[in-house]
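Me: I am new to this structure. Please take me through one part of it closely, then show me what lies around it.

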Amino acid sequence: MARYLLIDFGSTFTKLTAVDSEIGDIIATANHFTTVDTDITVGYKNALSELHKTIGKPMVFDHVVACSSAAGGLKMAAIGLVEELTVEAAKRVCLGAGAKVELVFSHHLNTSEVEKIKSKNIDIVLLAGGSDGGNSECVIYNAKMLGEGHINVPIVFGGNKSAQDEILKIFDEYHLDGYIVENVMPKINQLNIKQAREKIRELFLKKIIEAKGIKKIEQEIEKVVLPTPEAVLRACELLAKGYLYEEGIGEIVVLDVGGATTDLYSISEPSKRGDVILTGLEEPYAKRTVEGDLGMRYSATGILKALTKEEITMINLEKGIDIEQEINQRNLHVGMLPSNQLEEDVDRLLAEMCVYKAMSRHAGKMEEIYTPMGMVHHQTGKDLTDIEAVIGTGGVIIKAKDPKQILAKATNIFRNDFELRPRRPKFYIDETYSLYAMGLLSEYDPLLALKIMKQHLKKV
Amino acid sequence: MKSIVIGVIGADVHAVGNKIIDYTLTNAGYNVINIGVLSSQEDFINAAIEADAELILVSSLYGHGEIDCRGMRQKCIESGIGDIWLYVGGNIVVGKQDFTEVKQRFLKMGFNRVYPPGISIDEALKDIKNDLGE
């Protein structure tokens with residue numbers, strides 16, 4: 001029997017979840033503002049004393065582990081050759097590793113792009129390009145550019161294997177902090193995420209945590225093991241697949257609408273139909289996408305940009321509001337919490353739009369093509385039509401009076417069969433914010449983590 | 001090993017010939033990147049860039065090859081692989097047209113080799129060996 005303290009050092013809040021395996025459940029949760037700018041331990045200790053208060057007595061934990069997205073999270077630059085192929089593959093690796101993809105570059109790098117890697121405070125660079133045995137000229141050129149630019153953050157090379165020797169020489173010559181992993185796209189349209197993702201995680205633990213002032217917390221706790229989004233992704237995978245005799249809930253989509261981004265996770269086979277022609281880069285079973293222009297506060301203006309003039313007028317007429325003004329106000333006051341019915345309604349409307357747009361970009365597309373051989377279905381991306389459940393997390397969804405209304409925007413509300421959105425899913429919310437915690441717990445006791453998740457998901 | 005990108009262009013789903021070409025060229029010792037049916041010009045070009053291919057072999061069986069192939073050489077040039085070998089074959093035009101004229105049209109479009117209907121892939125293989133140098 002063991003007691004676990006599971007922590008998330010988030011950008012705004014430090015969240016604590018205590019689990020007792022004897023009881024087989026969460027025994028208490030607490031949170032406090034993250035204090036990474038001054039001393040991260042202050043916020044942690046405050047949250048901890050609150051947790052002890054809730055439990056009613058001080059408690060000793062057998063394992064104290066954390067995930068973190070504090071201090072800007074894990075910021076990465078993804079570099080590849082062709083946009084639809086190695087660039088996309090590199091991007092997916094970064095997202096799957098729980099990173100924020102700040103910069104994306106294709107083909108030959110130029111000096112100003114290299115400068116951007118420095119000025120944006122990128123934590124790790126992923127350099128890809130060329131299938132195995134394919135183009136190696138471009139990655140070699142780009143590695144040299146990174147060397148000339150004195151990039152002093154870790155560089156993970158996941159490109160053409162035939163270029164590896166040359167790349168190692170460049171790493172040496174320019175004294176770069178370089179690492180070699182398997183090609184992220186060994187063959188055209190084939191995705192190979194695993195090794196690159198592991199390396200990124202390892203670097204995150206070894207270097208990034210220290211650089212961000214999170215390391216000192218390790219005197220207080222055992223260790224920081226994952227970037228928060230990766231913890232969530234692991235939890236989702238476990239929840240979908242199940243563990244040993246404990247069944248999972250089947251294929252799922254998880255929506256997280258935050259202040260700055262809208263994150264979407266889908267755990268599902270790319271396609272289950274035998275009568276479609278599937279093209280494009282292979283889709284991962286556990287896929288995460290992050291929409292940096294869709295959010296409730298910092299990125300609220302992105303929602304506005306996604307609307308046409310007519311749509312804005314229509315919303316204003318229908319809801320009796322000035323949507324532009326509402327959005328700008330939220331963008332200026334990012335700490336704003338809705339204080340009346342109208343503000344609540346506007347927040348809900350914005351969340352609905354984030355969900356709708358984000359799903360549009362995440363879900364695959366199906367085209368009907370008339371050929372001389374009859375009609376054929378041509379699919380690109382993931383088919384989410386038969387998803388079992390859509391799960392919402394993040395403040396605006398969890399606290400909404402009718403979360404289902406927001407979550408339903410992920411489905412095919414406009415009967416647009418071109419987009420492969422979930423058709424008839426069940427809806428749940430992660431009311432106790434337990435996904436990140438169960439992702440962490442799954443490293444120790446997957447069975448318990450799965451049981452707790454199933455118990456705590458609230459059907460809406 | 002030299003790389004060749006093959007596939008069927010446009011809204012065309014004829015997969016059998018594509019498999020035969022894949023088999024023959026692989027057996028002949030080439031690294032074949034088969035992007036399959038329903039492929040656009042961009043799909044061919046992107047694959048050729050990543051794989052550093054020396055030849056793109058476009059198949060078209062449904063008669064719309066001329067529209068589908070238009071501008072492909074120009075796109076290759078724009079993409080930095082302007083000197084790649086471009087082959088095309090199949091039933092590349094509608095109806096029974098004089099093949100010498102058809103061939104001229106495709107050559108003018110920037111294709112290096114143009115094959116009439118019903119030709120065996122072994123014929124093309126001879127040209128490939130010749131053009132790429134064994």
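Reply: Start with strand β13 of chain A. Six of its six residues are buried, so β13(A) is largely enclosed by the rest of the structure. Keep in mind that this is a predicted model.

The strand covers residues 252-257. Its side chains go two ways. Ile252(A), Val254(A) and Asp256(A) point one way. Val253(A), Leu255(A) and Val257(A) point the other way. Both sets are buried.

Now look at the partners of β13(A). On one side is β14(A), and the two strands pair in the antiparallel sense over six bridges. Val253(A) has Ser266(A) of β14(A) as its bridge partner. The link from β13(A) to β14(A) is a hairpin, made through four residues.

The other partner is β19 of chain A, residues 389-393. Here the strands run parallel, joined by five bridges. Leu255(A) stands opposite Gly392(A) of β19(A).

Step back to the whole sheet. It is open and has six strands, in the order β16-β14-β13-β19-β20-β21 of chain A. The pairing is mixed. Its edges are β16 (286-291) and β21 (458-459) of chain A, and each of these pairs on one side only.

Go to the β21(A) end. Strand β20 of chain A spans residues 426-429 and is joined to β21(A) by two bridges. These two strands run antiparallel. Ile429(A) stands opposite Lys458(A) of β21(A).

Why is Ile397(A) called buried? Because 25 other C-beta atoms lie within 10 Å, and the cut-off for buried is 20 or more. Leave aside its neighbours within four places in sequence, and Ile397(A) is in contact with Leu255(A) and Val257(A), among others. Its contacts also include Gly392(A), Ile429(A) and Ala351(A). Pro403(A), Ile406(A) and Leu407(A) are on the list too. Leu407(A) is 10 residues away from Ile397(A) along the chain, and their C-alpha atoms are separated by 7.9 Å.

Ala351(A) sits in helix α11 of chain A, where it is buried. Other buried residues of α11(A) include Val346(A), Leu350(A), Met353(A), Cys354(A) and Val355(A). Asp347(A), Glu352(A) and His362(A) are also among them. The helix runs over residues 341-362. At 1.5 Å a residue, its 22 residues should span 32 Å, and the end C-alpha atoms are 31 Å apart, which agrees.

Chain A has a second sheet to find. Three strands form it, in the order β15-β18-β17 of chain A. This sheet is open, with mixed pairing. β15 (276-279) and β17 (365-371) of chain A are the edge strands, each pairing on one side only. Neighbouring strands are turned by 30° against each other on average, direction ignored. β17(A) and β18(A), residues 374-380, run antiparallel and are joined by seven bridges. Glu368(A) stands opposite His377(A) of β18(A).

Now the wider view. Chain A is divided into domain 1 (3-71 + 212-221), domain 2 (75-206) and domain 3 (246-459). The C-alpha centres of domain 2 and domain 3 of chain A lie 29 Å apart. Their contact takes 12 residues from domain 2 of chain A and seven residues from domain 3 of chain A. On the domain 2 side, the largest share comes from helix α2 of chain A (residues 83-96), with seven residues. That side divides into five nonpolar, three polar and four charged residues.

Finish with chain B. 18 residues of chain B are in contact with 19 residues of chain A. β2 (31-34) and α2 (41-51) of chain B each supply at least two residues of the chain B side. α2(B) gives the most, with five residues. The chain B side has 11 nonpolar, four polar and three charged residues.

How values were computed:
Residues numbered from 1 in each chain as written. Chains lettered and ligands numbered in written order. Predicted model: local features only at pLDDT ≥ 70, side-chain atom pairs only at ≥ 80, totals over all residues. Pairing = 2+ DSSP bridges. Contact = placed C-beta atoms within 7 Å. Axes fitted to C-alpha atoms, helices over the stretch in contact; angles between N-to-C directions. Domains from an automatic or database assignment. Nonpolar A, V, L, I, M, F, W, Y, C, P; charged D, E, K, R; others polar. Expected span 1.5 Å × (residues − 1). Buried ≥ 20, exposed ≤ 12 C-beta atoms within 10 Å, placed from the backbone.
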